[in-house]
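Here is a friendly walk through a two-chain model.

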Amino acid sequence: MWDSTMTVMMLEGIRDTVYMTVVSTLFGYILGLPLGIALTLTDKNGLRQNRTIYRTLDMIINITRSVPFLILLIVVMPLTKLLVGKSYGSTATIVPLTLAAAPLIGRMVESSLKEVNRGVIEAAVSMGAKTKTIVFKVLIGEARTSLLVGVTIVLGTVLGYSAMAGVVGGGGLGDIAIRYGYYRYDTPVMLVTLVFIVAIVQLMQVVGTLLAKRMDHRNNE
Amino acid sequence: MENSLLSIKNLHKEFDRNTILKGINLKLNKGEVIVIIGPSGCGKSTLLRCLNGLEDIQGGEIYLGGKLLQKNAKDISSMRQKIGMVFQSYDLFPHKTVLENILLAPVKVQKRKRAEVEAEAMELLERVGLADRKNDYPRQLSGGQKQRIAIVRALIMHPEVLLLDEITAALDPEMVHEVLQVVLDLAKSGSTMLIVTHEMAFAKAIADRVLFFEHGEIVEESHAPKAFFERPQTERARQFLKSFEY
């Protein structure tokens, strides 16, 4: 029944879930942000139009995004072992989570950056700004609201994936839910973990939306 | 070899097999104000865009200060810094304050000292009567105010030529005046400008030379703008000017 070990387990579960989600999202952006920028620049009408590069990146993203996360988790296990030293636990789960997040992030970043008004980009071009300046000072700056909303969505998705990793001992709340709720038919424990997962997602969503609204200088007072 | 600041030779521009510009020849001297008028779609805005390397061209040459301007050349960035451009849709950066909008290019592109540029920005803002709006975001400004900021944003680069592309076309009539007043002051202080506009009274007042464009060609060119607006030489220009009368 519910005792202090259970409480400790839950707290550890929350900690591990947040750890996996945040770190994987962070690594995901390290890979995905340049990917999204490259997609934006090389696409038709981009500042560095390049069909070959765009198509290649586009295809890689489509392929990786088509692989169901559970399969990806298993497929990359050798890599995970190589990088982390083991294939289970929350740190190990970060590897497949990052790989699943990166292409999704690439797409999100691409769509955010493409929302930036063309006229504004042209204004920067006409001032003699180089591509680098335009990307960092104009594109990212002007797309920040959309980029932040993207981060919120990615966090939610990665958290969902992290719970799935519980199937192979991935750690965190998803792991607890599967071990207690599914293998031991301990429904109350499963429900409690579920409540926590929902609460975390909710919290991220609220904070993300609030921040995005604050940073939007276009129409809110 | 070239005395003129900006020299356009036999400029051809095509888009999807449509010819937009059919061999434009034009020289713009320092301190001169040329106004281009003509019906919509005649290629006048496209010409301005070509002059800033925003469009690919299919033939001809553009020289700025004797240097060939090419869209994909290495030195295009430094060439563009010498050509200020103001657009119909203002195109201020929505997430940047007025001051940030103005400072971006001189600080990040020209690598000038922020403090120095900021002092100059304040002077220019004072000149256009918007010094008190420096911390506002574009959405807090009226169209006329946005356009005056866009002009300041171009001026702070110390361009050798200013290209103004229908800068009052999106404005309410009351705001047209405040913007054009700024441009008139610039002309008085000796700025070199190439202006595309539909404001005929303004064109008459500011132009040293008027070009009437149609179908990608210069149909009529006049060094005496007042005479041109009263007695255009070509039938087509006469018809066009008549469409502004009631």
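In β9 of chain B, I37(B) has F212(B) as its bridge partner. This is a predicted model, in which local features need pLDDT of at least 70 and side-chain atom pairs count only at pLDDT 80 or more, while totals for chains, interfaces and linings use all residues. Residues are numbered from 1 along each chain as its sequence is written, and chains are lettered from A and ligands numbered from 1 in the order in which they are written.

Helices (H or I, at least four residues) and strands (E, at least two) are DSSP runs, numbered from the N terminus, and two strands pair if DSSP finds at least two bridges between them. Strand β3 (residues 33-37) of chain B also runs parallel to strand β8 (residues 193-196) of chain B, and four bridges join them.

How many of the five residues of β3(B) are buried? Five of the five are, so the strand is largely enclosed by the rest of the structure; a residue is buried if 20 or more other C-beta atoms lie within 10 Å of its own, exposed if 12 or fewer, and partly exposed in between, with C-beta atoms placed from the backbone. V33(B), V35(B) and I37(B) point one way from β3(B), whereas I34(B) and I36(B) point the other way. In a regular strand the side chains alternate between the two faces of the sheet.

**A second sheet in chain B**

Another open sheet has four strands in the order β2-β1-β4-β5 of chain B, with antiparallel pairing. β2 (18-28) and β5 (67-68) of chain B stand at the edges with a single partner strand each, so one side of each is left without a neighbour in the sheet.

| Strand pair | Sense | Bridges | A facing pair |
|---|---|---|---|
| β1(B) and β4(B) | antiparallel | five | K9(B) and E61(B) |

Chain A has ten helices and zero strands. Its C-alpha trace spans about 70 × 45 × 25 Å along the principal axes, and 40% of its 221 residues count as buried.

Between the chains, 19 residues of chain A are in contact with 21 residues of chain B, contact meaning that the C-beta atoms, placed from the backbone, lie within 7 Å. On the chain A side, α6 (118-126) and α7 (131-142) each supply at least two residues, and α6(A) gives the most, with six.

Within α7(A), the buried residues include I134(A), K137(A), V138(A), L139(A) and E142(A). They cover an arc of only 165° around the axis, which puts them on the same side of α7(A); the arc is that of the directions from the helix axis to the C-beta atoms. The face turned away from that side carries the exposed residues K132(A) and F136(A). Among what covers the buried residues are α5 and α6 of chain A, together with α3 (98-109) of chain B.

**The nonpolar core**

Which members of the largest nonpolar core touch the most other members? Of its 128 residues, they are A124(A), V35(B), L163(B) and L164(B). Such a core is a set of buried Ala, Val, Leu, Ile, Met, Phe, Trp, Tyr and Cys residues joined through C-beta atoms within 7 Å. Its largest share, 13 residues, comes from helix α5 (residues 90-114) of chain A.

Notes:
Two residues are in contact if their C-beta atoms, placed from the backbone, lie within 7 Å.
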